[in-house]
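The sequence and the structure are shown first, and the discussion follows.

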Amino acid sequence: MLLGFKTELKLNNQQRVKFAKHSGVARHAWNWGLALTKQILEHNNALPDSKIKFPTAIDLHKWLVALVKPENEWYYECSKSTPQQALMALRDAWKDCFSKKKGVPRFKKKGRKDSFTLEGTVKILGNNKIQVPCIGVLKTYERLPQVLIKCCTISRQADKWFISFRFDVEQQQSDKTSVVGVDLGVKNLCTLSTGEVIAGAKSYKKYEAKLSRMQWLNRHKIIGSANWKKAQILIARLHRKIANIRKDTLHKLTTLLAKNHGIVVIEDLNVSGMIANHKLAKTIADMSFFEFRRQLTYKCQLYGSKLVVVDRWFPSSKTCSNCGTKKETLTLNERVFECGHCGFTIDRDLNAAINLNKTVS
Ligand SMILES: [Zn+2]
C-alpha cells in the first residue's frame, strides 16, 4: 500500500530563491494551460459543429515547449518536470470537474498555496538528506524513511517549506483479536471501551487564546499594509503550530489503536457530545474527526487490523451498555449515564464506547 510522507525542510537562501522560481514556473504553466483549455471549452460550446479535441497533458506540454518556453526564458532555470507535472495536475483537475467530483479549476495566485512537483532522480541520502532534480541536496529536520521514490512535491505553508512524497510499504499480517470501541469527545480526546481515557493535548488551548487575541488586535489594521502583513505571518505561524499539536496527538492515538487492537470500532460522525453551541468549535472538531478517520483507515490497513465504522444514527450514547434499554432523551450536560431500567450508572463516554464495542463482539 502507498503511504504519504511530509516533512519540513531546512533551507538556505539560495534554495529559497530556487523554490520561489520553481513555484513561479508551476503557477505560470498551470495558469497558461487553464486559460487555453477554458478558451477551447468556450469555443466548443459556441461552435458545436467544429469542436476542437480537448488536449491531453502531453498535448499541453508539447505546446508549452513550442510556444511558451522560448518567450519566457526563466523556464530554463527550472526543472523541466515542474511545468509538465503542473499540466498533469491541471488535466486531473479538469477530469474531476467533468465527472462532477469537483468544481472548475481556478487560476493560481502568487503567494497562495505555492507548490511544485519534481520528477526524476529523487534520492534519499542518509537520514536527513534528500537529493532532488535541478535544486540539489535538501536537508530535513526529521529522519527520512529509507525508501525509493520517483517524484516529490515541495510546498510552502506560511514561511516554511515542506517536502512530500509517496512510497510503497508491505502490509503487516496480524493475529490480534481484541476489539476496542472508541468514542471521541469534547472534554477528553477520546474514551475507549476498555475504560482508558485519553485526554489529548491541552497545550493548544493556550495557543488558541493567543490566536484569538492576535486576530482581535489585528482588526483595525489596513489590509495589505506592512503591519498587517507582519501580523498575518504571525497568525499563520500560530495556526500551523496549533494544527501540528492536534495532528501529532491524533497520530499517537491512531497508531496506538491500530497497533494494539484487532478490530477498532468508531462512529461515523462524532455527534455524541460534538454538537456544541460554538459553530467554530464544531467545524474544528469535525475536521479533526476526518483526520482521525483518515489516519485510522490507513494505519489499520498497515498494521493488519480491521476498522468498523458504525452508522451515525446508532444510539451509542442513549443505550444502556448493561441491559440494552434505550433512553428517550439524553442532554449534553448529563456526563453520567444512569439507566432507568436496571439502575446501572456509568460515565457517559465510556458507555458509548462500550456500546460501539458491542456492535462487533
Ligand atoms: Zn440498563
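## Terms and model

A residue is called buried when its relative accessible area is under 20%, exposed when that value is over 50%, and partly exposed in between. The model discussed here is predicted, and its values are to be read with that in mind.

## The zinc site

Four cysteines coordinate the zinc ion through their SG atoms, namely C320, C323, C339 and C342, at distances of 2.2 to 2.4 Å. Along the chain, these donors follow the spacing C-x2-C-x15-C-x2-C. The angles subtended by the 4 donor atoms around the zinc ion run from 106 to 113°, and the arrangement is therefore tetrahedral, given that four donors count as tetrahedral if all angles lie between 85 and 135 degrees.

C339 counts as buried because its relative accessibility is 8%, whereas C342, with a relative accessible area of 35%, is partly exposed.

## Division into domains

The chain is divided into domain 1, covering residues 2-168, and domain 2, covering residues 171-361. The centres of domain 1 and domain 2, taken over C-alpha atoms, are separated by 34 Å. To the contact between them, domain 1 contributes 6 residues and domain 2 contributes 5 residues.

## The interface between the domains

The size of an interface is often given as the accessible area lost when the parts come together. Between domain 1 and domain 2 the buried area is about 470 Å², and carbon and sulfur atoms give 62% of this area. On the side of domain 1, the residues that lose the most area to domain 2 are L3, A158 and D159, which together account for 71% of what that side buries.

Polar and charged interactions are also found here: 2 salt bridges cross the interface of domain 1 and domain 2, and 2 residue pairs are in polar contact between the domains. The side chains of D159 and R240 form a salt bridge, with an N to O distance of 3.7 Å. D159 is also among the residues of domain 1 that lose the most area to domain 2.

Technical notes
Residues numbered from 1 in each chain as written. Predicted model: local features only at pLDDT ≥ 70, side-chain atom pairs only at ≥ 80, totals over all residues. Heavy atoms only, no water. Donors = N, O, S within 2.8 Å, 3.2 Å for Na, K, Ca; no water. Tetrahedral: all angles 85-135°; square planar, octahedral: opposite > 155°, others 65-115°. Buried < 20%, exposed > 50% of the residue type's maximum accessible area, 1.4 Å probe, protein only. Domains from an automatic or database assignment. Contact = heavy atoms within 4.5 Å. Buried area = accessible area lost by both parts, 1.4 Å probe. Salt bridge = Lys/Arg side-chain N within 4 Å of Asp/Glu carboxyl O. Polar contact = N/O pair within 3.5 Å; in protein donor to acceptor, adjacent residues only side chain to side chain.
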